[in-house]
Structures are given as C-alpha cells and as structure tokens.
Amino acid sequence: MKHMWKTRIAALTAAAALLLAGCTGGGDTTTSSAVPDAGTSSQAQTGEKAQVRVATLAGPTGMGMTWLMEQNATGAAANQYTFTVSSDPTQIVAKVANGEVDIAAVPTNVAATLYHKTSGEVSLAAVNTLGVLYILDRTGEIGSIADLRGKTIYATGEGSTPEYVLNYILEQNGLTPGEDVQIEYKGEHAELATLCAQGEVDIAMLPEPNVTTVLEKNPDFQRAIDMTEEWNKLNPDTKLAMGGIIVSKKFVTEQPEAYRSFMEEYAQSVEYVNNNVSEAAALVEKYEIMASADLAEKALPNCNIVFLQGEEMEAVIKPYYDVLMSADPTSIGGSLPEEDFYTAARIDG
C-alpha cells in the first residue's frame, strides 16, 4: 500500500538526485582538521604518509573516531587524515558524490543509495553503529507503539535510516504515518534536542547521544520506547544496523596500504572508545562531537558503537536491507546492492 510518506520519499529521492548531480548544498557546518589541501588524495602524499579525507557525522560514528583523530593530531597515525565532522548527512552525501572525500561514515540506507547513484563507485567497508533510536515522552502517556495513535512525533533523519525505521515500525503495528500519527521533522538532532530541553515538544524520536542530553537537561522526559527493541520484535533474526563506513573504490585501488591502515586504526579507535569511556569522553568534547565530556561519558555506553567487516558485516546488513527493500525500495536506492558493494573494499593480507 502506498502512503503519504512514500510520496514524500519520492520527492526526497529526486532532491538527492540533484544533489548527486553536482549540487553541494548550503549551510555547511563542518569542521576540518588543519591539513593542507592536496587535490586528489588518492595520489597525494604528505612526507611518507598518504593524505586521506574522512567525513563523519557528529554522533556515534564521530565518537568512535575520536581516538584516531587524536592519533592524527599528534602525528602518530599511519596516514595524514583530514577529518570533516558534520551534523547533517546530506552534506556528507554531497562530498561523497562530488569525490571530495575518500571515506565516509553515513546512515546505512544512504550507503546503499550512494552505491546506486554513483554507479557502484563506493563500497561498504564496515558497519559501525547499531540501534540508537529512542522515543522520548514527557506526557506520561506513551508506553507502547499503540499509544502513539493520534499523537505528533517530532523527529530527525528525514530521508535516511531514522525515517525508514520509524515508518516501518509504525506500519507494522497498524499505524499509518501522516494519518494515524503525525510526524514533524527537524533538520538536525541538536535542534530537536534543544526544543525538547526547552519543553517545546512533548514526544520526540532522537538517537544517542542526543537522548542523554535531553534527559539531563529536562527531567520531565523519559525513554518511552526503545526502537531497537521494537525492531527486534518484528525481526528477531536481524540487527538494526544504522551506520556504516563507505569507501571510494578508486581510493581502495590506488591507495590499498592507506586504506588498510585506516581500517586497522579505526578498529583500534572503536575498541579504545568502548573500553576507555572517561578518556574517550574527553576526546569527544575536544573534537566537538559533543559539547560536554560529562554528557559524553553518560551517552557512550548507549551508543552501540561497533566495528563489523567482511562476512560478519554482511550477515548483519543484508537481512536489514531485505527488510527495507520489502518496506520501500526507494529507501535503499531502488534495489538491493550488487555483491561488489560488499566485496570491493576487501583487501587480503
């Protein structure tokens, strides 16, 4: 059945096509480390180190990279990295489409869409974030998905994983988005978190670490619904794989050692962040992923930061894409990615 939200998705897909055709968009709020521009990074060298451009979101994916950011700042990293941190996934989409980055952390549905829109020029290298979505409530009336009937939810992530997860879970529970439940989207997580903190909305769906920020600043809110639990009820044999690392196939081909080094160091970074929460929280503040190390320390254990690659990655992401494909093919670019989407980033040895 086609619903109102699917019409909206079609419009978003058209807009994304224009973006991928060369538009860079406005309002760039990214911050980058101070590394000289080297043009085509796949061929650039700074001393004996390859220069590698990495884009990530200001959330769990960025939090998982903070140890590597620190290694880079001190000169201890294997490569010379330029890190761009953005609060808006569309900005990263534009950079990938325009060939401005070699590696990017993006929502997993965006990864599949970019594969199609770039004619297979990107490959999925890892899954790095599992379920981090929660519905927050300050009315005291929400305890289940059924309780959302007749309500308005404020949310973020329109056109990416959060929207598709929310719509899927609502529909599987007999609720039609736009009819039974109204959804108002805000552009950025931080914007919605601020509205919640100020008590200007009653029900909101947000990811960590923004959830922790809201709960600390406005105790009237509570975690009413864990969207990962709701996903697992419907799909007990899959995991909610929300974020992933994509890589330019050209970069992998031309700079295999630099790519291999990144993957090794990123895996170390994820391990460090998960096992050294206090120290990692300080880095999260230092690199402006979150404004407060105290809040970061509380949020990190709930952020589901992982590093899954190869067959382990495929075992998680393929069933997830199957669900999205059945629910709405446009959510992953119209069709399931081909096998090279998973295998082109593999380097043996």
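Contact means heavy atoms within 4.5 Å. This is a predicted model, in which local features need pLDDT of at least 70 and side-chain atom pairs count only at pLDDT 80 or more, while totals for chains, interfaces and linings use all residues. Residues are numbered from 1 along each chain as its sequence is written, and side-chain values use heavy atoms, with hydrogens and water left out.

Q: What makes up the secondary structure of the chain?
A: The chain comes to 15 helices and 13 strands. Helices (H or I, at least four residues) and strands (E, at least two) are DSSP runs, numbered from the N terminus.

Q: Why is helix H3 described as largely enclosed by the rest of the structure?
A: Buried means under 20% relative accessible area, exposed over 50%, and partly exposed in between (1.4 Å probe, protein chains only). In helix H3 (residues 66-73), 7 of the 8 residues are buried, so the helix is largely enclosed. The buried residues are Thr66, Trp67, Leu68, Met69, Glu70, Gln71 and Asn72.

Q: Against which elements do the buried residues of H3 pack?
A: They pack against strand S3 (49-57), helix H2 (60-64), strand S4 (80-86), helix H11 (256-275) and helix H12 (277-286). H3 is followed by glycine 75, whose phi is positive, near 85 degrees.

Q: How do you know what span is expected of helix H6?
A: The expected span of a helix is 1.5 Å times one less than its number of residues. Helix H6 (residues 161-172) has 12 residues and reaches 16 Å from its first C-alpha to its last, close to the 16 Å expected. Burial marks this helix as well: 10 of the 12 residues of H6 are buried, so it is largely enclosed by the rest of the structure. Glycine 174 follows H6 with a positive phi near 80 degrees.

Q: What makes S9 and S11 edge strands of their sheet?
A: Two strands pair if DSSP finds at least two bridges between them. The open sheet of 5 strands has the order S9-S8-S10-S7-S11, with mixed pairing. Strand S9 (182-185) and strand S11 (222-226) each have a single partner strand, so one side of each is left without a neighbour in the sheet. The twist averages 30 degrees from one strand to the next; axes are lines fitted to C-alpha atoms, for helices over the stretch in contact, and angles run from 0 to 180 degrees between N-to-C directions.

Q: How do you know that S8 and S9 pair?
A: Strand S8 (residues 152-155) and S9 share 4 bridges in the parallel sense, against the required at least two. Threonine 152 has glutamine 182 in S9 as its bridge partner.

Q: Which helices lie across strands of this sheet?
A: Helix H7 (residues 189-197) lies across S8 and strand S10 (203-207), at about 140 degrees to S10. Helix H9 (residues 227-234) lies across strand S7 (133-137), S10 and S11, at about 20 degrees to S11.

Q: What makes both faces of strand S12 count as covered?
A: Gly243, Ile245 and Val247 on one side and Gly244, Ile246 and Ser248 on the other are all buried. In a regular strand the side chains alternate between the two faces of the sheet. Strand S5 (residues 103-107) joins S12 antiparallel through 5 bridges, with valine 106 opposite glycine 244. S6 and S12 are also antiparallel, over 6 bridges.

Q: Why is the pair of tyrosine 81 and phenylalanine 83 called tilted?
A: Rings of Phe, Tyr and Trp (its six-membered ring) pair if their centres lie within 6.5 Å; planes under 30 degrees apart count as stacked, over 60 as edge-to-face and the rest as tilted. Here the centres are 5.4 Å apart and the planes 35 degrees, hence tilted. Tyrosine 81, at 0% relative accessibility, counts as buried, and phenylalanine 83 is buried at 4%.

Q: What does the pair of tryptophan 231 and tyrosine 320 tie together?
A: This pair is also tilted, with 5.2 Å centre to centre and 55 degrees between the planes. Tryptophan 231 lies in helix H9 and tyrosine 320 in helix H14 (residues 310-327), so the pair ties together parts that are 89 residues apart in sequence.
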